[in-house]
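Student: I am new to this structure, and I would like to understand the terms used to describe it. Could you show me the model and let me ask about them?

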Amino acid sequence: MANATSDTHEPVIFDNGTTSMRDLATGEAMHSRIGPWAEAQALHIVPSGLRERLSEGSVSAPLVVWDVGLGIAANALAAIQCARAVSGGSSGAARGLTLLSFERDLSPLRQALEELARFPYLAEFEGPVGELLSSREWRSSEGGCEINWRLFEGDFFSLGLESLPKPDIIFYDFYSPKTAPHLWTYKGFERLFKLSAPGATMCTYSAATWVRSALLLAGFHVGYGPMTDAKMESTVASLSRENLARPLDQRWLDRLGRSGRPWPDDWDGEDGLKRIAEILRPF
Ligand SMILES: C[S@@+](CC[C@H](N)C(=O)[O-])C[C@H]1O[C@@H](n2cnc3c(N)ncnc32)[C@H](O)[C@@H]1O
């Protein structure tokens, strides 16, 4: 590969020794200070129920995961590692994994591949990531675990999402609502809601009140997601309320009523509080 140094990102080293990439334009890092791999596990792999859904031996269709914001591939590779662990586990029964990654700027991942010592989780997957970048697809059936990983380059909402396999799980991991509010809209979430497979679950690190209200207005059931050493809360949304460990409740509704920023930019606020109360109160 020629010059793999990114013009848009630079490495940032956290106190615990892990490294992420920082966007030069906004100064925002791709990950919190716990590091890419720990964040992938805590905020995406565990709360999405990925392991459990891959273990559904009675379902023959592959599980479809949309990895929205491939970044430096921590979430995607954590999903692949999880699929291999499930298929190598005691039951041996595992669904295949169809992993669709979306990204508009591949330069940070190219740079990370050149600096494996800083990104140890990538080392084991150097071949697959290299093939994904060059061919836009990587397939594997190693150990009986069927994986099809595809890459879609471009602005996520401008891609032909409707023609793709419907997601059972979405890792929604763009830059923050503060720096990229246009990626956290009511209309965008409504589109994702309509595109999702029955029972689909979406995980995101954001716990912003207006992100949660956008998800609720779009039709999702929404719950509190796990906390980490770096974050007090995250968010899990699903088409099925049973998938939520801790659905939003009266405490959150009170918070919405007090919030200085309750709505996403593309919601005029009309009837919003009443509508959300109607969504949450029956439970
Ligand atoms: C927080 S980082 C993702 C980290 C990643 N999930 C990981 O596991 O390493 C956000 C990513 O979203 C990408 N991105 C931002 N806006 C985008 C857009 N409109 N369409 C596709 N990707 C976008 C950025 O280039 C960046 O790589």
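Predicted model: local features only at pLDDT ≥ 70, side-chain atom pairs only at ≥ 80, totals over all residues.

Tutor: Residues are numbered from 1 along each chain as its sequence is written, and side-chain values use heavy atoms, with hydrogens and water left out.

Student: What makes strand 7 and strand 8 a pair?

Tutor: Strands are DSSP runs of E with at least two residues, numbered from the N terminus, and two of them pair if DSSP finds at least two bridges between them. Strand 7 (residues 169-172) and strand 8 are joined in the parallel sense over three bridges, so they meet that definition.

Student: Why is the crossover from strand 7 to strand 8 called right-handed?

Tutor: The word applies if, with the strands pointing away from the viewer, the path from the first strand over the helix to the second runs clockwise. Here the chain passes from strand 7 through helix 7 (residues 186-195), a DSSP run of H or I with at least four residues, to strand 8, and this β-α-β crossover is right-handed.

Student: How do you know which way strand 10 runs beside strand 8?

Tutor: Strand 8 and strand 10 (residues 234-238) pair in the antiparallel sense over four bridges, and Thr-204 stands opposite Thr-235 in strand 10.

Student: Which residues of strand 8 point one way, and are they buried or exposed?

Tutor: Thr-201 and Cys-203 point one way from strand 8 (residues 201-204), Met-202 and Thr-204 point the other way, and all are buried (under 20% relative accessible area, with a 1.4 Å probe and protein chains only).

Notes. Buried < 20%, exposed > 50% of the residue type's maximum accessible area, 1.4 Å probe, protein only.
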